[in-house]
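This briefing is for a reader meeting the structure for the first time.

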Amino acid sequence: MDLSTQLPQLLGLAWLMPLASFVLILFFGPKMGHHGRNAAWVATAAIVTSLVLSLVAFVSWLGAHPVSAGHHGGDHGAAHAEDHADAAGHVAGEHGSDAWHAAGGHAAAGHGPIAYSGDWYTLYEGGRLRLSIGWYIDSLTILMFVVVTFIATCIHVYASGYMHDELHDVTDHEVTLTDGHHLHRPGRFPRFFQALSLFCFSMLGIVIAGNLAMVFIFWELVGICSWFLIGFYYERKSASNAANKAFIVNRVGDFGMLIGLMALWGALGTLQFADSSVPGADGHAVTKPGLFSLVRPADHGHALRVPDGMVEFAAAEKVAHTPPAEVAGKVDAWRAEGFGRWLLFIAGVGIFCGCVGKSAQFPLFVWLPDAMEGPTPVSALVHSATMVAAGVYLVGRFFPVLTPDVLLVIAYVGAITLFIAATIALVANDIKRVLAYSTVSQLGYMMLALGVGGWAAGLFHLVTHAFFKSLLFLCSGSVIHACHTNDMRKMGGLARVMPYTAGTMLVGCLAIIGAGIPFVIGLSGYYSKDSILAQALSFAQANPRHTILFYAVAGGAALTAFYMFRLWFMTFAGEPRDHHVAEHAHESPQVMVMPLLVLAVLAVVAGWTLPGGFGIANLLEQSRPAGTVETAVGGFAFGQTLTIPAEHLSHGEPFHSTATWTAFATALGGVLLAAAMYVWRVISPAAVAAMFRPVYSFLANRWYFDELYHALFVVPAHGLAAVASGIDQGLIDPFINFLAWTTRQVAGIDAWIDRTFVDGLVNATANATWTLGNELKRLQTGSLRQYVTFIVVGTVALFVIASLFFRQALAG
Amino acid sequence: MTLGLAVATPVFGLITQPVSVAHYLVVGAIMFVCGIVCMAMKRNALGVLMGIELVLNGANVNFVAFASPYLQGEGSRSLGLDGQVIALFVILLAAAEAAVALAITLNFYNNHATVDVDRADDLKG
């Protein structure tokens, strides 16, 4: 079968499987076995099917587009042209449904990515707006499908063990009712898997989306799923607060995203990523350029250019004073004057705002650590494959439209996030919170990598991070499951009782700090982190004013190493600190350990490039957006020219070796410091904390961000609410109450009239009838003879009356 | 006293007259009144039935009397048998009615072991 029809079918089906599971569990969940025990099987079966379908799609992709090293040449031109030929014969996909850029190697600036796109279903079409459910499939999409479904599979399996408490009635010891008892509630096992399935469906929807509107739809679905899952224990005040916080903070980001969407749609009239073919006025299909080719037209060498639509939109006043026929000819002149570039900047920053919310970047990262209130499998899913990955993925997908200025914003936001989160993680004592801040920090890494032009580096790190972060979270879940506490100060020495968990978590820690033997081999994080460092270094060299970005990355690497090994040492090494906890601890059941082992293997090998050139890094190169192969120069918003160095430069010297050594040295330094403080106890952590008391408390209070936001937003919001409620209660309520009182009085009078007159009349009639009947009853003696007498007397009386009174009439 | 005189005077006056329609009417009226009195006074249900027969036949006498050719108008086209035909109908109906009434009486006797109509007060209001 043709790849352009096969891939949408395979991935579409993989995408819909979790939806089917969601619907099934939604309607039949409680009937699935005892307390819905089998809901786990339904959800797991669905996600495993998705995984298999994704793997089939992956294999068929590799069959058509083999991954090889040295990808930057024109060697894909042939394969690409062939795809294009395929598309011509493909009926449903029309002209534009295949590779979105006309032909490989046609423009001087290089080839475009191999991508397939098209629409399944048009939701709405009117005016310039066309909303559709469509697909955009390239190697990044397929890779994300495999990663998401794979990690979700592991988490489903793990959760079916972890959530077993929900299979019977639960007494929640963290909720005390007003009568002093703990909350007792029925288990919610099916509900958990139902939300998990919807979560996977939404995430896969973002990944496969062929246009920004569809991304936005699933973006919001992911948001609501996170709300369901973070607030899974919704009777706990902290959990419901955390769920609301995550949802509301994300809405703030989404507001920016809406602005970006409107800027794009208003000026360009399309939200499609790729060129699409729509029915024209004469009934023939016309190719409508998508966002990518509008911003990077093929005839412009795929270099970034403000699209005509944006120029005309921004120069609306000039357009109004120009005869319509001459407008087209003047667009280039207006573009040179700078019209529209702010619009493109706003569109990019707007879309990035959504990513800031979803991927927990500064200043909207505050929701992610609180999201720990959800069950641990949810944390693992949210922190690795879904939700936070969505933001980074969208920046990667949207990369061609981002101008150098937007990239600089992204880089700085990433750098700030990475630094703040890493410093907070240094002093956190809750095992899940350390991991949460580590996630925020690593997301900062990815954003920074994307911002400095490291498209492949950032997404590569997204994939490797997904593996080791889900591993770390599942390990922490295993620890929590064993110890029934999140506090690392009560742990210690667990390596003896939980060897598998300790070992796999060590692998995860080594992977996240990028451990490896320089230039020989390393864990997955070694490769992705090195490529980020190298790209940051390359960027810093091209833009000396932004050298700080490189220092942020390098410093962040040291901090990462320190806090990760602080976590590992505090949890697993040394002697137990709390005997009560240590006695209870036990290795987790097999259903929880198996996913750990599988993920540990992947955390090791995910970054490797096989001798033939096969590897995630090279696979991603197939999807590299057109026009980002070369070094780009631009920038206006910050009054300076920015150089975004080509990514392949960072693979060469001197960047590569410098980055490798920097990463190695910083990581080693961090690990040694952690060991000195928590294993050899050469340096006392308490003494250090005491020495830097203000800094320590500043960090321990998470830079006072929660307090700051509380003072800046929550308190004014509460104040505003109080004023509104005051108006409501002091002004509107009395008025309404007065109306109600008046109505009541009128009704009282009405009721009195009703009771006295209307009822009285009716009752009097009834009474009279009743009395009359009672009196007449006496005549009914039952005596026949009496009746006859009455008849006779009556008849005679009638005759007498007639003869007395109607004499005239009778005579007449 | 005056009412008695008012009724008695023409009735006794008739005795001196040759037999006419009025005499038949008087006989019919006497039969009717006897029947009514019998119905109202008798406690025996069979006696009541006999009273009914008297009432019906008193009426029949009247019908036949009113059918007298002396009362026919000049040039009447009727056969002059209207009264007799109606009397025949009444006799027919009286037979049917007697059958039904006797059946009721029999049933009443079965249930109450008596034919005293004063005991038949189950329909008392």
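From the N terminus on, the elements of chain B run α-α-α-α, with 4 helices and 0 strands in that chain. Helices (H or I, at least four residues) and strands (E, at least two) are DSSP runs, numbered from the N terminus. This is a predicted model, in which local features need pLDDT of at least 70 and side-chain atom pairs count only at pLDDT 80 or more, while totals for chains, interfaces and linings use all residues. Residues are numbered from 1 along each chain as its sequence is written, and chains are lettered from A and ligands numbered from 1 in the order in which they are written.

**Chain B**
- The radius of gyration of chain B is 19 Å, well over the 14 Å from the globule rule for 125 residues, so chain B is more spread out than a compact globule. The radius is taken over C-alpha atoms, and the rule is 2.2 Å times the number of residues to the power 0.38.
- The C-alpha trace of chain B spans about 55 × 45 × 25 Å along its principal axes.
- Helix H4(B), residues 82–112, has 31 residues and reaches 44 Å from its first C-alpha to its last, close to the expected 45 Å (1.5 Å times one less than its number of residues).

**Contact between the chains**
- In chain B, 13 residues are in contact with 10 residues of chain A (C-beta atoms, placed from the backbone, within 7 Å).
- Helix H2 (residues 21–41) of chain B gives the most to the side of chain B that touches chain A, with 4 residues.
- That side of chain B has 8 nonpolar, 1 polar and 4 charged residues. Ala, Val, Leu, Ile, Met, Phe, Trp, Tyr, Cys and Pro count as nonpolar, Asp, Glu, Lys and Arg as charged, and the others, Gly among them, as polar.

**Helix pairs in chain A**
- H20(A) (residues 524–542) and H21(A) (residues 547–572) pack at an angle of about 155°, with axes 7 Å apart. Axes are lines fitted to C-alpha atoms, for helices over the stretch in contact, and angles run from 0 to 180 degrees between N-to-C directions.
- H20(A) and H21(A) are therefore roughly antiparallel (angles over 145 degrees).
- Their contact includes A:Leu533 of H20(A) and A:Phe550 of H21(A).
- The residues of this contact divide into 11 nonpolar, 1 polar and 1 charged.
- H4(A) (residues 139–162) and H23(A) (residues 590–605) also pack at about 155°, with their axes 7 Å apart.

Terms used:
Two residues are in contact if their C-beta atoms, placed from the backbone, lie within 7 Å. Angles under 35 degrees count as roughly parallel, over 145 as roughly antiparallel, 65 to 115 as roughly perpendicular and the rest as oblique.
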